Amino acid sequence: MKFGILVNEGPFTHQASDSAYRFAAAAIEKGHQVARVFFYNDGVYNSNKLSEPQTDDRNLVDLWAKLGKEHDIDLVVCIAAALRRGIKEEVLKDGFRISGLGQLVEAGIENDRLVVFGDC
């Protein structure tokens, strides 16, 4: 099965990003494909290379970037949501890219399922 994932929450305030990451990793482990993860609303914070979680905490920005690189996942950050939160191209972790809502629509059309994590 081919999945698209929508992440609407940041990495430090809600479990949604953790759940989305674990879902993506588990789906890949079971032989499914995760084609695109679209980060929207506060989910755009998952792409910020300037975030520095404490040393005994997981670093979801790094985890997403590594998963994307290892499995050729398109990690898309919504431009409107990012700019509203001060996230620009220069603060994106390698492996993430900024684009528009058309990429979310495309993920819904081109994949077998679009799984949403976090409040809309």
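## An exposed loop residue: D94

With a relative accessibility of 70%, D94 counts as exposed, because the threshold for that class is over 50%. The structure discussed here is a predicted model. D94 is placed in the loop that runs between α3 and β4.

Although D94 and K49 are 45 residues apart in sequence, their C-alpha atoms are 8.1 Å apart in space. D94 is also among the residues in contact with A65, together with L75, K93 and F96, when neighbours within four places in sequence are left aside.

A65 belongs to helix α2. Its relative accessibility is 9%, so A65 counts as buried. The C-alpha atoms of A65 and K93 are separated by 7.0 Å, while the two residues are 28 residues apart along the chain.

N48 is found in the loop between β2 and α2. The relative accessible area of N48 is 16%, and this residue is therefore buried, the limit being under 20%. Not counting residues up to four places away in sequence, N48 touches V61, I87 and V91.

## The parallel sheet

Five strands form an open sheet in the order β4-β3-β2-β1-β5, and their pairing is parallel. At the edges stand β4, residues 96-99, and β5, residues 113-117, each of which pairs on one side only. On average, neighbouring strands of this sheet are turned by 25 degrees against each other, direction ignored.

Within the sheet, strand β2 (residues 33-39) pairs with strand β3 (residues 74-78) in the parallel sense, over four bridges. F39 has V77 of β3 as its bridge partner. Helix α4, residues 102-110, packs on the sheet and touches β1 (2-7), β2, β3, β4 and β5. The direction of α4 makes about 150 degrees with that of β2.

The pairing of β3 with β4 is likewise parallel and involves four bridges. Here V77 stands opposite I98 in β4.

## Helix α1

The buried residues of α1 are A16, S17, D18, A20, Y21, A24, A27 and I28. These buried residues pack against β1, β2, α2 (60-71) and β5. After α1 comes G31, whose phi is positive, near 95 degrees.

## Aromatic pairs

A pair of aromatic rings is described by the distance of the centres and the angle of the planes. With ring centres within 6.5 Å as the criterion, the model contains six aromatic pairs. In one of them, F3 and F23, the ring centres are 5.1 Å apart and the planes stand at 85 degrees; the pair is therefore edge-to-face, since that class requires an angle over 60 degrees. F3 lies in strand β1 and F23 in helix α1, so this pair ties together parts that are 20 residues apart in sequence. Of the two partners, F3 counts as buried because its relative accessibility is 9%, whereas F23, at 26%, counts as partly exposed.

Y21 and W64 also form an edge-to-face pair, with 5.5 Å from centre to centre and 85 degrees between the planes. Because Y21 lies in helix α1 and W64 in helix α2, this pair ties together parts that are 43 residues apart in sequence. Y21 counts as buried at 17% relative accessibility, and W64 is buried with a relative accessible area of 0%.

Key. Residues numbered from 1 in each chain as written. Predicted model: local features only at pLDDT ≥ 70, side-chain atom pairs only at ≥ 80, totals over all residues. Heavy atoms only, no water. Pairing = 2+ DSSP bridges. Helix = DSSP H or I, 4+ residues; strand = E, 2+ residues; numbered from the N terminus. Axes fitted to C-alpha atoms, helices over the stretch in contact; angles between N-to-C directions. Contact = heavy atoms within 4.5 Å. Buried < 20%, exposed > 50% of the residue type's maximum accessible area, 1.4 Å probe, protein only. Phe/Tyr/Trp six-rings, centres within 6.5 Å; stacked < 30°, edge-to-face > 60°.
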